[in-house]
Structures are given as structure tokens and as C-alpha cells.
Amino acid sequence: MKKLFLAVALAAFLPAVCEAATLEFPSDEPIASITIPDSWGPKETASGIDATSDDSAVYLSIDVADDKSSDKVIEDVFAFLDKNGVKIDESSQKESDGELNGMPVKNLDWDGTDKEGSVNIGLSILSPGAGKLLLVTYWGSKGTQEKHQSELIEMISTLEPAG
């Protein structure tokens, strides 16, 4: 995930996302927006949005939280991964800090496995302001996730505070 955020700077040189929609979420009181290709099947969830690449190699979700709900949302992220058979190798954890579109970012990355084999898992915490947090969850299959790297870079480069 760290490489993904570092590579966002390259996104300006990539072609525009074809057949994509800019989604503001949550729809009732937008905190942020992102452009996701239609082929990823983006949909609004109870706490944000999620999308999966057409070959199921990559899962991406963005949940909105605040100081009071962030621990619960993070617990839900890990429960979702566990429910889907994702096992995290906690000893592989890497941390980094950065900035994306003016928002401070803390990245946590791990190696792990799922029913298909080796995976990368990432959790990024962004602060768009107004006491809100964006929790970006990434889960990608090693060996097949790489073909989606340019799409991911382009999507993440469009993530910004609403307004």
C-alpha cells in the first residue's frame, strides 16, 4: 500500500479512467469522493464504499469514521477480512506516514494468506478534516494484483475531501 500512495504522483501521466463514476460518500452527508471504474462494481456500504476488481484479485473499501467510531470500524475491517479467510502475518507489519491530496495518511501494511494463496493487506487512515477519518482497506492477491496497479494508483489519486 505504501508503494501505491507513493506512486500516486505518477497518476497524472496515466490515461483517464474509462467508464468511471465519481462517488461522494456517505451520500447523505459526503465526507469524501473517489472515482472508481464501473468494472469494479463500486457500491455504497453502511459506513462508506467498496469495490472489487473484475477478476477479484483486489478488494478496496473506504469507510468513514470519527474519533468515537474509529475503533469499531477498524474492528469491523479485521472481522470482515477474517470472515473472508484472510490471515494476517502480524510480524510482517510495516508502517509509514505521508500525505494524499492534503490529507495526512498513516499506512499499515502486512503480508498474509487467503484461500487463493499469498496476499497483501493494507489499512490506511486519512484525516479529511471536520473530525472525520477515512479508513482505506486493501486486500490483493500476490501474482494477480499487479495488473491493477495503474488503476489503483489512478483511483487513490482521486480520493479527496468532499466540498
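Strands (E) are DSSP runs of at least two residues, numbered from the N terminus, and two strands pair if DSSP finds at least two bridges between them. The model is predicted, so local features need pLDDT of at least 70 and side-chain atom pairs count only at pLDDT 80 or more, while totals for chains, interfaces and linings use all residues. Residues are numbered from 1 along each chain as its sequence is written, and side-chain values use heavy atoms, with hydrogens and water left out.

Strands β1 and β2 form a hairpin with 6 residues between them. Strand β1 (residues 20-25) pairs with β2 in the antiparallel sense over 6 bridges, and Thr 22 stands opposite Thr 35 in β2. Strand β2 also pairs with strand β10 (residues 160-161), again in the antiparallel sense, over 2 bridges; there, Ser 33 has Glu 160 in β10 as its bridge partner.

In a regular strand, side chains alternate between the two faces of the sheet. From β2, Ala 32, Ile 34 and Ile 36 point one way, and Ser 33, Thr 35 and Pro 37 the other way. Strand β2 (residues 32-37) is largely enclosed by the rest of the structure, because 6 of its 6 residues are buried (under 20% relative accessible area, with a 1.4 Å probe and protein chains only).

A pocket is an open set of points on a 1 Å grid over the protein atoms alone, where a 1.4 Å probe fits, with protein on both sides within 12 Å along at least five of seven lines; lining residues have an atom within 4 Å of a point. The second largest pocket holds about 270 Å³ of space, a volume being the space filled by probe spheres set on the points. Of its 15 lining residues, Thr 52, Ser 56, Tyr 59, Asp 114 and Trp 139 are the closest to its centre. Two or more lining residues come from each of β4 (48-52), β5 (58-66) and β9 (132-141), and β9 gives the most, with 3 residues.

Key
Helices (H or I, at least four residues) and strands (E, at least two) are DSSP runs, numbered from the N terminus. Buried means under 20% relative accessible area, exposed over 50%, partly exposed in between (1.4 Å probe, protein chains only).
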